[in-house]
Amino acid sequence: MKILLNKDDLNEALSNTSKLGFVPTMGSLHEGHISLINKSLKYCNKTIVSIFINPTQFNSRKDFNKYPRNYKKDLSILRKMKVDYVFLPNKKDVYSPIRKIPIKLKKQEKILCAKYRKGHFEGVIDVMERLTKIIRPEKIFMGEKDFQQLFLVKKYIEKKYRSKIVSCRTVRNSKKLALSSRNKLLNGKELNRAAKVAIDIINFKKKIKNQKNIKRLMEIKKKQLGKLYRINIEYFELRNTINLNFSNGIKNSKLFIAYYINKIRLIDNF
Ligand code: AMP
């Protein structure tokens with residue numbers, strides 16, 4: 001496994017690679033990341049994993065500083081998996097040169113997390129575009145856990161580059177909680193509560209399958225979830241997976257939730 005610390009290392013290492021698979025991450029690797037990496041190892045000739053905690057996608061310095069970091073453990077996982085390259089760039093390397101025209105979301109894209117985390121996806125698209133430009137992968141593996149991120153990155157990147165975004169299913173633990181690096185910031189009781197939220201929504205989705213008054217049922221469920229599991233819900237919405245417009249039936253649609261459990265913000269979709 002080659003560790004690449006800057007653009008020069010990267011250019012030298014990748015000069016003769018074909019069918020390159022890329023898995024962008026912010027580290028603190030878990031089974032969710034591992035499933036993406038395994039997919040890349042299976043379908044591509046070479047696999048590169050980046051670990052870069054992108055400062056521009058955080059809404060506050062505090063949130064950025066609090067984000068879990070486990071570089072030593074991450075590298076040992078990647079080495080065991082026989083990943084070909086790990087890219088560990090620094091901020092200066094990623095963010096030069098300065099972008100002339102800033103990334104701007106369209107009005108209709110300012111929904112779900114984009115509505116509540118101003119500037120977040122602009123930061124995500126910016127870094128994804130920069131990484132794609134220097135890595136030039138054939139495929140980029142991304143998780144449905146962050147569905148809106150996957151949706152927006154696919155739209156922006158595939159329009160400009162030849163790289164294809166491959167969507168990968170959400171990996172959950174045995175209690176149905178979606179794996180996330182942020183879970184490391186929760187204690188045991190909070191993790192159990194978050195898992196119960198997931199199970200409740202999975203059952204709710206089955207129940208509303210043939211119902212007509214889904215909007216009303218969702219309003220009631222949103223209140224119930226908040227009260228029962230002591231969570232602060234930012235949004236709980238049913239949207240179709242093609243264009244993320246509101247939906248009133250579960251066909252081609254997903255339930256999207258973002259909530260705070262104590263001070264930690266979690267997102268999921270079902
Ligand atoms: P992150 O390190 O949180 O930026 O995530 C890096 C990639 O892993 C993103 O494409 C995420 O969507 C994906 N990912 C994170 N958690 C999961 C999960 N539980 N299942 C599948 N993919 C995931």
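Ala, Val, Leu, Ile, Met, Phe, Trp, Tyr, Cys and Pro count here as nonpolar, Asp, Glu, Lys and Arg as charged, and the others, Gly among them, as polar. This is a predicted model, where local features need pLDDT of at least 70 and side-chain atom pairs count only at pLDDT 80 or more, while totals for chains, interfaces and linings use all residues. Residues are numbered from 1 along each chain as its sequence is written, and side-chain values use heavy atoms, with hydrogens and water left out.

**View 1. The shell around the ligand.** Here we look at the 17 residues that surround the ligand, the closest being Met26, His33, Asp146, Val171 and Leu179; a residue is near the ligand if one of its heavy atoms lies within 4 Å of it. By type, the shell splits into seven nonpolar, seven polar and three charged residues. Strand E2 (20-25), helix H2 (31-43) and strand E5 (139-143) each bring at least two residues to it, and H2 has the largest share, with three. These helices (H or I, at least four residues) and strands (E, at least two) are DSSP runs, numbered from the N terminus.

View 2. What holds a polar side-chain atom 2.6 Å from an oxygen atom of the ligand? That is Asp146. Taken alone, the ligand exposes 490 Å², and the protein buries 93% of that; the areas come from the Shrake-Rupley method with a 1.4 Å probe, and for residues only the protein chains shown count as cover.

**View 3. A cluster of rings.** Ring pairs tie Phe58, Phe64 and Tyr67 together. Rings of Phe, Tyr and Trp (its six-membered ring) pair if their centres lie within 6.5 Å, and planes under 30 degrees apart count as stacked, over 60 as edge-to-face and the rest as tilted. Phe58 counts as buried because its relative accessibility is 10%; buried means under 20% relative accessible area, exposed over 50%, and partly exposed in between (1.4 Å probe, protein chains only). Phe64 is buried too, at 13%.

**View 4. Cysteines without a partner.** How many disulfides are there? The count is zero, a disulfide being a pair of cysteine sulfur atoms within 2.5 Å. For Cys113, the nearest cysteine sulfur is that of Cys168, 19 Å away. For Cys168, it is that of Cys44, at 10 Å. Cys168 has 2% relative accessibility, so it counts as buried.

View 5. Most residues other than glycine have a negative phi, and most peptide bonds are trans. Lys19, though not a glycine, has a positive phi of about 55°; it is found in the loop between helix H1 (7-14) and E2. Asn262 has a phi near 50° and lies in the loop between strand E8 (253-261) and strand E9 (264-269). The peptide bond from Ser96 to Pro97 is cis, with omega near 0°.

Terms used:
Polar contact = N/O pair within 3.5 Å; in protein donor to acceptor, adjacent residues only side chain to side chain.
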